[in-house]
Amino acid sequence: MSGPRPVVLSGPSGVGKSTLMKKLMKDYEGVFGFSVSHTTRNPRPGEEDGKGLNKLPMLLGATLLPVADILSSEDLELSASFSYYHFTTREAMQEGMDNGEFIENAEFSGNMYGTSKAAIEDVQAKNLICILDVDIQGVKRIKETDLNPIYISIQPPSMEILETRLRDRQTETEESLQKRLEAARIDLELSKEPGLFDVVIINEDVERAYEELKEILNEEIKKVQEAKS
Ligand SMILES: Nc1ncnc2c1ncn2[C@@H]1O[C@H](COP(=O)(O)OP(=O)(O)OP(=O)(O)O)[C@@H](O)[C@H]1O
């Protein structure tokens with residue numbers, strides 16, 4: 001598959017993935033994109049299949065799949081109302097999953113959601129760097145494909161700082177906060193596996209973390225910009 005390499009951004013909830021992605025999207029318009037997820041839920045009025053690639057609101061849905069089990073239903077509603085989907089049937093989606101066409105999938109509120117390899121390739125084919133916000137399990141699934149992304153782990157300076165950021169964000173109940181912190185501990189432990197990531201960025205000072213990220217992505221960004229001109 002030609003086109004720019006996708007980018008995997010992985011890291012615990014609250015580490016700053018969305019913050020960094022938003023900065024990239026703002027500074028490099030028309031360079032980054034998001035894959036369109038599949039879902040078996042019914043389209044809502046006005047929703048059309050597969051619309052909305054490379055839209056900033058997709059950021060809100062970016063973490064939907066990997067952490068679906070620790071998201072509240074409000075999170076899902078918020079994400080779902082800004083996300084764009086390929087609407088499909090349970091049978092078709094199950095078949096795709098059985099054939100290994102999905103890099104991640106989750107069942108939520110009686111509906112299936114998933115990210116297909118083809119959806120990522122669609123972004124590449126549009127000469128956009130596909131940003132994938134996935135958990136460690138997602139990282140491992142992607143490694144089984146030929147997508148060849150750049151694997152970046154975003155990590156907090158400490159668990160205490162992560163907790164403070166999650167609290168200050170004011171999006172969590174005490175219960176969901178504790179779940180996220182427990183998931184974060186596991187995530188950080190698993191991310192130590194040698195060779196899993198190409199680069200680790202410690203998000204202490206956000207501007208510095210962003211500079212590091214831009215440096216890593218520089219080559220792919222240039223490729224996209226050159227291919228446009
Ligand atoms: N370097 C930083 N210093 C201080 N605060 C930060 C830094 N980076 C991000 N934040 C803040 O921390 C909070 C969590 O960041 P963000 O929402 O980007 O995390 P996330 O990794 O996308 O989380 P989730 O996976 O839950 O969506 C936000 O309120 C954000 O403004």
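I call a residue buried if 20 or more other C-beta atoms lie within 10 Å of its own, exposed if 12 or fewer, and partly exposed in between, with C-beta atoms placed from the backbone. The model I looked at is predicted: local features need pLDDT of at least 70, side-chain atom pairs count only at pLDDT 80 or more, and totals for chains, interfaces and linings use all residues. I number residues from 1 along each chain as its sequence is written.

**Entry 1. Overview**

I took helices (H or I, at least four residues) and strands (E, at least two) as DSSP runs, numbered from the N terminus. The chain has nine helices and nine strands. Of its 229 residues, 37% count as buried. I then looked up contacts, where two residues touch if their C-beta atoms, placed from the backbone, lie within 7 Å. Among contacts between residues at least 6 apart in sequence, 78% join residues at least 24 apart.

**Entry 2. Helix α5**

Which residues of α5 (117-125) are buried? I found Lys117, Ala119, Ile120, Val123 and Gln124. They lie on the same side of α5, because they cover an arc of only 165° around the axis. The arc is that of the directions from the helix axis to the C-beta atoms. What covers these buried residues includes β2 (32-33), β5, β6 and β7 (129-133). After α5 comes Asn127, with a positive phi near 60°.

I counted two strands as paired if DSSP finds at least two bridges between them. Five strands form an open sheet with parallel pairing, in the order β2-β7-β1-β8-β9. β2 and β9 (199-202) are at the edges and have a single partner strand each, so one side of each is left without a neighbour in the sheet. Inside this sheet I checked β1 (7-10), which runs parallel to β7 and is joined to it by three bridges. Val8 has Leu132 in β7 as its bridge partner.

**Entry 3. The mixed sheet**

A further open sheet has four strands, with mixed pairing and the order β4-β3-β6-β5. Its edge strands are β4 (85-87) and β5 (102-108), each of which pairs on one side only. With direction ignored, neighbouring strands of this sheet are turned by 25° against each other on average. Helix α4 (90-98) packs on the sheet and touches β3, β5 and β6, and its direction makes about 40° with that of β6. For these angles, axes are lines fitted to C-alpha atoms, for helices over the stretch in contact, and angles run from 0 to 180 degrees between N-to-C directions.

I went through the partners of β6 next. β3 (37-39) and β6 (111-116) pair in the antiparallel sense over two bridges. Thr39 has Tyr113 of β6 as its bridge partner, and His38 has Gly114. β5 and β6 are also antiparallel, over six bridges. Gly114 of β6 is the bridge partner of Asn105.

**Entry 4. Positive phi**

Most residues other than glycine have a negative phi. I therefore looked up exceptions to this general rule. β5 and β6 form a hairpin with two residues between them, and Ser109 in the turn has a positive phi of about 50°. Ser109 counts as exposed, because it has 11 C-beta neighbours inside 10 Å. Asn148 also is not a glycine and has a positive phi, near 50°. Asn148 sits in the loop between α6 (136-143) and β8 (150-155). Is Asn148 buried or exposed? I noted it as exposed, because 11 C-beta neighbours lie inside 10 Å.

**Entry 5. Arg5**

Arg5 is in the segment before β1. I put it down as partly exposed, because 17 other C-beta atoms lie within 10 Å. Which residues does Arg5 contact, leaving aside its neighbours within four places in sequence? I found Asn148, Pro149, Ile150 and Glu220. Arg5 and Asn148 are 143 residues apart along the chain, and their C-alpha atoms are separated by 6.5 Å.

**Entry 6. The ligand**

How many residues surround the ligand? There are 16, and the closest are Ser13, Gly16, Ser18, Thr19 and Val206. The elements that give two or more residues to this shell are α1 (17-27), α7 (159-169) and α9 (206-228). I sorted the shell into three nonpolar, eight polar and five charged residues. In this sorting, Ala, Val, Leu, Ile, Met, Phe, Trp, Tyr, Cys and Pro count as nonpolar, Asp, Glu, Lys and Arg as charged, and the others, Gly among them, as polar.

Notes. A residue is near a molecule or strand if its C-beta atom, placed from the backbone, lies within 6 Å of it.
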